[in-house]
Amino acid sequence: MNELPRLYKRLGYEFKDESLVEEALSHRSVGNINYERLEYLGDSLLNFVIADVIHEKHPELNEGALSRLRASLVRGSTLAMIARELELGEFLRMGTGELRSGGFNRDSTLADLVESLIGATYRDADFFTARDLVLRLFAERLNNITPAEELKDPKTRLQELLQGRGLERPVYSVVKTEGKSHELAFTVNCQISAYDVNVSAVASSRRKAEQTAAAEILDQASVLLPQ
Ligand code: MN
């Protein structure tokens, strides 16, 4: 009894080369030919496709927010969730020891499986076919992106918090620059006059020091910025 047609149906893709699917479904406990090389390929492809989609879809997000958003989409727990929705665990080939210890239901293994199937699809067909698979797998999640608060950078969040209270924005100033030209350390001070807050931070660029100072203030917001 061949179970592959059921897998093809769930993925929305039919493999031409059956040995590629077999490889993509084989846990390392099965032997030397296992999903790890395809997983490596799929991981890279998945990251690029998601980076591309959100870059195009969200012109309002800066590099930091895009990175955080991508990371939240491709992290292991998200991939494991997708694998469970498609019930991919039942197609996994594992050694008996691993099977007995419930390995087919392990988050990390299920996440690997999603990546290896993406890699295998690319190998079996081409980039656009693999891209389509990623878009199908992530369709719901990509449509439901509401760049959450934590995706905004600390300076933006601090500014919005103060604006929400009808207060003036924080004032950032460089108070010290040290070191040689290629290894400068910037000390930046962040001042919020309404709260008598003065916090400084040191980093390798002015921008980073500002973000660090804002993050420190946000971390202690309940104490420093009481409502
Ligand atoms: Mn992985």
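Is Thr78 buried or exposed? Thr78 is buried, with a relative accessible area of 7%. Buried means under 20% relative accessible area, exposed means over 50%, and partly exposed is in between, with a 1.4 Å probe and protein chains only.

Before I go on, some ground rules. This is a predicted model, where local features need pLDDT of at least 70, side-chain atom pairs count only at pLDDT 80 or more, and totals for chains, interfaces and linings use all residues. Residues are numbered from 1 along each chain as its sequence is written, and side-chain values use heavy atoms, with hydrogens and water left out.

Back to Thr78. Thr78 sits in helix 5, residues 76-85. Helices are DSSP runs of H or I with at least four residues, strands are runs of E with at least two, and both are numbered from the N terminus. What does Thr78 touch? Leaving aside residues up to four places away in sequence, Thr78 touches Ser72, Leu73, Phe138 and Arg141. Contact here means heavy atoms within 4.5 Å.

Next, the metal. Which residues coordinate the manganese ion? They are Glu39 (OE), Asp112 (OD) and Glu115 (OE), at 2.2 to 2.7 Å. Donors are N, O and S atoms within 2.8 Å of the metal, or 3.2 Å for Na, K and Ca; water is not among the atoms, so sites may look incomplete. Along the sequence, the donor residues follow the spacing E-x72-D-x2-E. Look at the last two. Asp112 and Glu115 are 3 residues apart in helix 7 (residues 107-124), so about one helical turn separates them. Here is the general rule: an α-helix has 3.6 residues a turn, so residues three or four places apart point the same way. Both Asp112 and Glu115 are buried.

Stay on helix 7 for Arg123. Arg123 is exposed, with a relative accessible area of 51%. Beyond residues up to four places away in sequence, Arg123 touches Leu20, Leu38 and Leu41.

Now Lys16, in the loop between helix 1 (4-11) and helix 2 (18-24). Lys16 is exposed, at 66% relative accessible area. Again not counting residues up to four places away, Lys16 touches Asp124 and Ala125. Lys16 and Ala125 are 109 residues apart in sequence, yet 8.1 Å apart in space, C-alpha to C-alpha.

On to the aromatic rings. How many aromatic pairs does a search of the whole structure find? It finds 4. One of them is Phe48 with Phe127, a tilted pair: 6.1 Å centre to centre, 45 degrees between the planes. Phe48 lies in helix 3 (residues 36-57) and Phe127 in helix 8 (residues 127-143), so this pair ties together parts 79 residues apart in sequence. Phe48 is partly exposed at 47% relative accessible area, and Phe127 is partly exposed at 25%. Phe127 also pairs with Phe128, edge-to-face, at 5.1 Å centre to centre and 75 degrees between the planes. Phe128 is exposed, at 57%. Elsewhere, ring pairs link Tyr8, Tyr13 and Phe15 into a cluster. The cut-offs: rings of Phe, Tyr and Trp (its six-membered ring) pair if their centres lie within 6.5 Å; planes under 30 degrees apart count as stacked, over 60 as edge-to-face, and the rest as tilted.

Last, the domains. The chain is divided into domain 1 (4-148) and domain 2 (152-224). Those bounds come from an automatic or database domain assignment. Their centres, taken over C-alpha atoms, are 39 Å apart.

Finally, helix 9, residues 154-164. Pro154, Leu158 and Leu162 are buried there. They cover an arc of only 65 degrees around the axis, which puts them on the same side of helix 9. That arc is taken from the directions from the helix axis to the C-beta atoms. What covers these buried residues? The cover includes strand 1 (171-178), strand 2 (185-192) and helix 10 (206-219). At the start of helix 9, a side-chain oxygen of Asp153 comes within 3.1 Å of the backbone nitrogen of Lys155. After helix 9 comes Gly166, with a positive phi near 70 degrees.

How values were computed
Polar contact = N/O pair within 3.5 Å; in protein donor to acceptor, adjacent residues only side chain to side chain.
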